[in-house]
Amino acid sequence: MKQLYQELILDHNKKPRNFHVMEDFDHESLGHNPLCGDKLVVYIKIGEGDTIEDVSFVGEGCAISKASASMMTTALKGKTIQEAKVIYTQFHEMSTGKLDIAEHPHQLGKLAIFAGVRDLPARVKCATLAWHTLDAALEGRKSITTE
Ligand code: ZN
């Protein structure tokens with residue numbers, strides 16, 4: 001698990017997926033994590049049946065924040081907004097230690113590799129920044145700052 005975590009973080013940090021500005025988005029938001037200096041913009045395009053037709057991001061940040069954002073975009077493309085919110089909640093609860101993914105069924109798939117950040121309090125905000133930003137974008141908030 002630890003090795004897989006390191007490999008995926010390195011890979012997504014080096015080659016972030018869906019890393020570009022979106023021209024005709026429906027939602028966007030700017031997320032900032034002052035604790036670490038991570039800053040990213042998440043763009044969302046909504047398609048038929050409330051599905052996330054496209055999701056992308058740009059920004060600067062540490063490897064964890066960037067890899068998490070990259071993996072979030074690949075995980076959510078094609079999902080409905082409702083499904084995305086379920087995954088968002090599970091990701092957040094896993095990162096903060098409220099959801100034990102070894103004990104409970106979940107829809108996190110590969111995102112489960114971030115479970116270890118619950119033991120690294122300073123990193124929780126890095127791992128969850130993209131998700132908070134996505135949620136803010138869907139709620140129509142132009143920016144969020146983690147505290
Ligand atoms: Zn960070």
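A nonpolar core, as I use the term here, is a set of buried Ala, Val, Leu, Ile, Met, Phe, Trp, Tyr and Cys residues joined through side-chain atoms within 4.5 Å. I kept in mind throughout that this is a predicted model.

**Entry: the core.** I looked up the largest nonpolar core and found 43 residues in it, with I44 and F114 touching the most other members. Next I checked which elements give two or more residues to this core: α1 (2–14), β2 (38–46), β3 (52–60), α2 (63–76), α3 (81–95) and α4 (121–138). The most comes from α4, which gives ten residues.

**Entry: F114.** I then asked myself what F114 is in contact with, leaving aside its neighbours within four places in sequence. My list for F114 reads Y5, I9, I64, A67, S68, M71, F91, M94 and A127.

**Entry: the strands.** I followed β2 into β3 and saw that they run antiparallel, joined by eight bridges. One pairing I noted is L40 with its bridge partner G59 in β3. The two strands form a hairpin with five residues between them. In that turn, I found G49 with a positive phi of about 65°.

I have D38 as buried, because its relative accessibility is 0%, and the cut-off for buried is under 20%.

How values were computed. Residues are numbered from 1 along each chain as its sequence is written. This is a predicted model: local features need pLDDT of at least 70, side-chain atom pairs count only at pLDDT 80 or more; totals for chains, interfaces and linings use all residues. Side-chain values use heavy atoms; hydrogens and water are left out. Buried means under 20% relative accessible area, exposed over 50%, partly exposed in between (1.4 Å probe, protein chains only). Helices (H or I, at least four residues) and strands (E, at least two) are DSSP runs, numbered from the N terminus. Contact means heavy atoms within 4.5 Å. Two strands pair if DSSP finds at least two bridges between them.
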